[in-house]
Structures are given as structure tokens and as C-alpha cells.
Amino acid sequence: MSQSLHIGRIPALGVGPLVEGGAFPTKSVVDEEFTVTATVFREGHDAVNASVVLCDPTGASTALPMTCVNRGLDAWECVVSAPTPGMWALRVEGWSDPYATWRHDAIIKIEAGVDVELMLAEGALVLDRWSADAAVSDAERSTLVAGAATLRDETLSVADRLSGGTGAPVEAVHAAHPLREFVSGTPDYPWLVERELALTGAWYEIFPRSEGAHLDEDGHWVSGTLRTAAKRLDAIAAMGFDVVYLTPVHPIGEINRKGPNNTLDAGPLDPGSPYAIGSKDGGHDAIHPDLGTFEDFDAFVARARELGLEVALDLALQCAPDHPWVSEHPEWFTTRADGTIAYAENPPKKYQDIYPLNFDNDPAGIYRAVRDVVQVWIDHGVTLFRVDNPHTKPLDFWQWLIADVAKDHPEIIWLAEAFTRPAMMHTLGKIGFQQSYTYFTWRNEPSTMREYCESLATESAHYMRPSFWPTTHDILTPYMQVAGPTGWTMRAAIAATLSPTYGIYTGYELIEDVPRPGAEEQIDNEKYQYKDRHWADYELGGSKEGQSLAQFLGLLNKIRHEHPALHWLRNLRFHHVDDETMLAYSKKRGDDVILVVAGFDPHATRESTVRLDMGALGLQPGDRFQVRDLLSEAEYNWGAENFVRLGPATTPVHIFQVGG
């Protein structure tokens, strides 16, 4: 029989936000605010109060007063945040408030002329007990002693005596250090506080081999290297990105190598998929010879850091048929009835160049090998891992790996590339992944986008942080295939402002929207071949100057850096637009208020009325206020209802700063 929860003398129940009842930590980042809620009550009519106690990683604690927001439902809440990273804890304490009980009764009875002297005497006794509390300061103790003396001073009027015990000085002590009796605390619940990049950042993805790739005099491709890829970092940093994300840099298998557009007939010079990891040149702890050496990798990381960029690396736990692990540890894979090793399949897709690991055959051996691989890259400056298909590996493995790495490297951030069922995506967040890819990519109607983002900003925000990507190297949705510059501009803008973390796959600037027939991915996919984008053509003085979204992406990231309201998720609020093809939302953090209005129809310019929730903007219903479009610098005088015109003939999106 399971042991039931012991109810406190002053019950405190229903604490939130918790993850699986506190089995996994609630998450936030440094200085990120969120609201702790609880139900706190007691028997009878005496006053009850509540505090939330925050315990930092050293064990030091701070108690913050909670506010009862619904007396009828005994609902209490308090906004909290943490100034430093680490494993914190929080608990809620319910307690009897004898001063508030006396004050309430005394005012009613004395005004009615009932038990006047008795109520004054009882108040003096409460203040006597209170002044003996070790928590009060000397100045506060003097205030309480003086208040008790006034309550007992029969030379004064009854009103003056009562005021001595209920006036502003005593109320100030009550707010700071109340007399707490029958304190009843909940268990300590885990609360993981991480660095800001775990919640907020702009990622830029590259295939290192394409950066600097070119055709030689014979028409043969020459691979880019880590050194040539490092030359691209200046442009990435100039656009204001925080993270440069590298697809796998390891040797690529030769057996069953894929050719262009995922064909099975690779030529001798085709590079293959970097996700088919491993060859005679090494495995996950090695660098493809065409890309260079670890010295070159270290130089890439060093240059990124000089420019203010952190480096993320793809962690794809799968092997090409000629990966060293296949011959050294055949038990790490699944052998079929005919004696062959099973390759990866996601029907109807087949990946003949990839063998999935079977974690059940030798979990200890695989765990140890992967942990060693991860450490290699941490030692060479990688601080973030984008994990390929984590939902196809055991959850207990990820929980162990992330926790084990965090013992010595709590700064490491893990992004789950898991486009799968909600239960799996959510659990990956609960067990340790700081960030997750999301269904944003496929939400192409304002109503479904709003519903999805409201869920992300409330129900799962305390354990799963979304990363919004308009496209990836695997995904080019039907919408993006036909949306053109208007749609690509809008999707980047809402990705960058709806979610604190978003990502751009290189080439987005060039609106690479041509699909492979019958597939939701680009033609001539970079996964299977080199791509020379001729970046110089789009730079100042180039033949295609002005035909890139690079400047727009730079402006988006500048706005993100300058407006802290966009650094949070839980502050997302939506507003009504009459036109169902438009979406309006805002984020407020202190005095910083951002309001976004986006048009989802990339082909038509449409007009509508935006009806604002003024309270969400910190305004009153009848207020007039200035908004400044941070994209165009245009200014407007707005109120609760406002006209907008969005589309290819004007602009697909407004990003307004409200007031200021």
C-alpha cells in the first residue's frame, strides 16, 4: 500500500508548475519569471497566509509572500525568478496569520462597540508575541513594542489605540516579517535554472563542406573545409545569430553511399550523406579528411567565439555499414533472420547507408562509447548538441547521458530534433533536453498557430522549450514551396518573435523553395551533394546585390537583442484580428512591449481590424498610444481597435514597439 501525503496543519496543495508531480525538475533560465501557484486554506475563519520558499544550490533560502487571487477557491500565487544557474528547489508554506485574524476581528467589533477592551488587549498580546520573533529586526521590534503600548494606553481614544496596532508602521512589519504560526510546508520540489541560451537564441545551420565548395577546371567538385567554412562566420555573426550549428563533420561511409537526391547510384566523386557516419577513416570521434583536422576544428571554434558565436554540432547516433563500430561491435546492431544487419527505415523511406544502433544488446557498452564521443567534442569547444532523431533511442539513455554530462559541464545545451508524437516530444523535455523542434513548421493557419503556441507558452513551458524553424535541410513544406518572398519574410519574422529560440537553415536568405518532386524537401538536397551558393554575388557590389533576405534576418536579430520581451515564452499573449488569415500577438516584460501583426496569405494584400487586449499591453481600454514599426520605422497612433493592411503590396508583417 502506497504511503499517502501527510496533510499539514495549514494545508498547501496543488502546487504548480510541477513536472510529473515533482519527479522531474521545473525549468527556467536565469532571471526568467514564472508564477508559482497553490491552494492554501484552513478550517474555521482564522486568517491564513502563504509563502513560496526558494532554495538556491547552496541551500540558502528566501521566502516570498504569495497573494490570494481567488478567496473562494483559496488560490494563491507568486511570481518568482532566480539570479543564478544551478539546481534550485521550491516549496510552498501555508501558515496561520494571528495578526491578520486579530486585525480583521478587532476592526469589526470595535466599530460595533463589541468587546472593545478585550480586542485591544488581545491585539497587544499578539504584538508582544510578534516582537519576540527572531525574524524581526531591531527597528521592526521597536515598532511592534510601541504598537502594543499604544493598544494598552487607556489615556488615548479607542480609535487612536486601535490605529497604533493597525496603522501603516505595523502593516509594513507584517508585509516584511509577519508572525507565522502552524507553518506547514510542502515537499521541496526540484527547479533547474539554466543559462539564458537554453531559452533564448538564434541558430544558423550550415553544411561545412558546402562553405567553400567549388568546381575545379575539370568540372569536379572540390569540398569546402573547416577553414573555408570559418570564413563564412563573419557573415553569420553580422546577421546577429548566436549559434552556428554544424551538420555532422565525421567521415562518411562508402558502402551503400547515396547519390544526388537520395538515389542509390552514387558516383565515385559523390560525397554521400554526412548522416551516414563512419568509414575506414574513423567514426563519431573523427573528422572527415576533406574537412581538415582537429586543429582546423579548433580554429573554427576560436573564430566563432571571437565573433560572439557558440558552436553546436549534430549528434546523429547511427552508423554507415563501414563504421568501425560495425566490425568491432556487431552486437550493437540488429541482425535480421538472413544474417544481414538491418538498415534504417521510415516507410516508405529507406536509408540503406545507415545502420541504427540497438541499445538493448549492450547498453553499458553503447552508453560508454557515446559518452566518450560527446566528451571529445566538448573538449574541442562544442557547447550545444542538436540531436538527430532522439525519439528513436531509449529515453533512459538520454536521461543518463544528459545528466552525466551536466555533472562537469552544466553549460551544455541539448536540442531534440524529434518531429513525433506529443508524448515523446514532451518526455524528452522532461528528462533533460533543453530545447525541442516543434510543429511550428506545419502550422500555416493563424487559428492553429495560435492554439499551438498558447499550449507551448502555458501547459508545457516549464519543461519543454520550443525552437521554431521555418525550414530545415529535411523539410520544405508545401506552404514554403509556393509562399515566395512574402511568405518567407513572414515566416522568419514570426519564428523569431513567437519563440525565444528560432533557427534558420543556410540558404533561407536566397528563398530556396524548389522541391524534389514528390517530397517535402529541396531539390538537389545538400544532404547528398555539395552546394556552392556564390555568396559573393549577393554582397555589396555583387551581381545579385539586394536579392537576399540576409539584411532582413539581421534586422530581426537586432530587434531580438534589443527587446528583452522577446527573450521569454510565457509572456506570449494573443489578440483578435477580424481577418482569419492574420495573427496578432504581443510580449511584455516590464516597460518593454512588442506587438506583432502578421498576414499568412502570401499571395493577396488584405485589410482588417486588430482588436487589442489592452490589459495584456499594460494599458487601459480607452488609452491612445504610439506604436513604431521596428521593420520600417513608421509610427502610428493606435487605440483598442486599429486598421492594418498586410500582403505583398505592402508588408507581410508589422513588429511594433508599443510606446517608449
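1. A crossing of two helices is called left-handed if the near helix is turned anticlockwise from the far one by less than a right angle. In this predicted model, α2 passes α3 in a left-handed crossing.

2. Helix α2 spans residues 116–131 and helix α3 residues 138–152; the angle between them is about 160°, and their axes lie 8 Å apart. Angles over 145 degrees count as roughly antiparallel, and α2 and α3 are therefore roughly antiparallel to each other.

3. On the α2 side, the contact involves L120, G123, A124, L125, L127, D128, W130 and S131. On the α3 side are R141, L144, V145, G147, A148, L151 and R152. Sorted by class, this contact has nine nonpolar, three polar and three charged residues.

4. Strand β4 (residues 48–55) is mostly covered, with eight of its eight residues buried. V48, A50, V52 and L54 point one way, while N49, S51, V53 and C55 point the other way.

5. β4 has antiparallel pairings with strand β8 (residues 86–96), over eight bridges, and with strand β5 (residues 61–65), over five bridges. L54 stands opposite L90 in β8 and opposite T62 in β5. The hairpin of β4 and β5 has five residues between the strands, and G59 there takes a positive phi near 100°.

6. Leaving out residues up to four places away in sequence, T471 touches L476, M480, W488, Y505 and Y508.

Definitions and conventions. Residues are numbered from 1 along each chain as its sequence is written. This is a predicted model: local features need pLDDT of at least 70, side-chain atom pairs count only at pLDDT 80 or more; totals for chains, interfaces and linings use all residues. Side-chain values use heavy atoms; hydrogens and water are left out. Axes are lines fitted to C-alpha atoms, for helices over the stretch in contact, and angles run from 0 to 180 degrees between N-to-C directions. Helices (H or I, at least four residues) and strands (E, at least two) are DSSP runs, numbered from the N terminus. Angles under 35 degrees count as roughly parallel, over 145 as roughly antiparallel, 65 to 115 as roughly perpendicular and the rest as oblique. Contact means heavy atoms within 4.5 Å. Ala, Val, Leu, Ile, Met, Phe, Trp, Tyr, Cys and Pro count as nonpolar, Asp, Glu, Lys and Arg as charged, and the others, Gly among them, as polar. Buried means under 20% relative accessible area, exposed over 50%, partly exposed in between (1.4 Å probe, protein chains only). Two strands pair if DSSP finds at least two bridges between them.
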